[in-house]
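Student: Please take a close look at one part of this model, the aromatic pairs and the residues around them.

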Amino acid sequence: EFPSYPDIMFYIVPASTMTQVLFLVLMILYAEKYSFTFRIVTSFVSSSVVIGMVPLFVAELTELQSFWIVLAVSSFVGITSAVLQSSVIGFCNFLPSSYIQLSMAGQAVSGITACVIRIITK
């Protein structure tokens, strides 16, 4: 049976976080095989396409199938965010230190913005 709304977060967060941690480790080991441009652009494009297709699948499938699609998409977003985060931070290391500070500040602002939007819409 499809979990109720509060319980679904119990499944989505670990699905995203576990894949993100796994792929952060893999990026440490194998990232130098691919260029920064390839990793960054591929992460943005693939996550955009997959997230954009979720409403199409969820509208046509049963609740249980939709639940598993949402879990798979959240895992995939964990993968792409791990690749993107490690690539951007790695690229910023080639630049002056002010750029990595700006990168970290941008991540902080986006996190705060997401939390504020969540508070307003809840």
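Tutor: Searching the whole structure gives six aromatic pairs; rings of Phe, Tyr and Trp (its six-membered ring) pair if their centres lie within 6.5 Å, with planes under 30 degrees apart counted as stacked, over 60 as edge-to-face and the rest as tilted. One of them joins Y11 and F67 edge-to-face, at 5.5 Å centre to centre and 85° between the planes. Because Y11 lies in helix α1 and F67 in helix α3, this pair ties together parts that are 56 residues apart in sequence; helices (H or I, at least four residues) are DSSP runs, numbered from the N terminus.

This is a predicted model, in which local features need pLDDT of at least 70, side-chain atom pairs count only at pLDDT 80 or more, and totals for chains, interfaces and linings use all residues. Residues are numbered from 1 along each chain as its sequence is written, and side-chain values use heavy atoms, leaving out hydrogens and water.

F67 is buried, with a relative accessible area of 6%, whereas Y11 is partly exposed at 39%; buried means under 20% relative accessible area, exposed over 50%, and partly exposed in between (1.4 Å probe, protein chains only). F67 also pairs edge-to-face with W68, at 5.5 Å centre to centre and 70° between the planes. W68 is exposed, at 52%. F10, Y11, F67 and W68 make up one aromatic cluster.

F67 belongs as well to the largest nonpolar core, together with I8, I12, A15 and L71. Such a core is a set of buried Ala, Val, Leu, Ile, Met, Phe, Trp, Tyr and Cys residues joined through side-chain atoms within 4.5 Å. Helices α1 (5–30) and α3 (63–92) each give two or more residues to this core, and the largest share, three residues, comes from α1.
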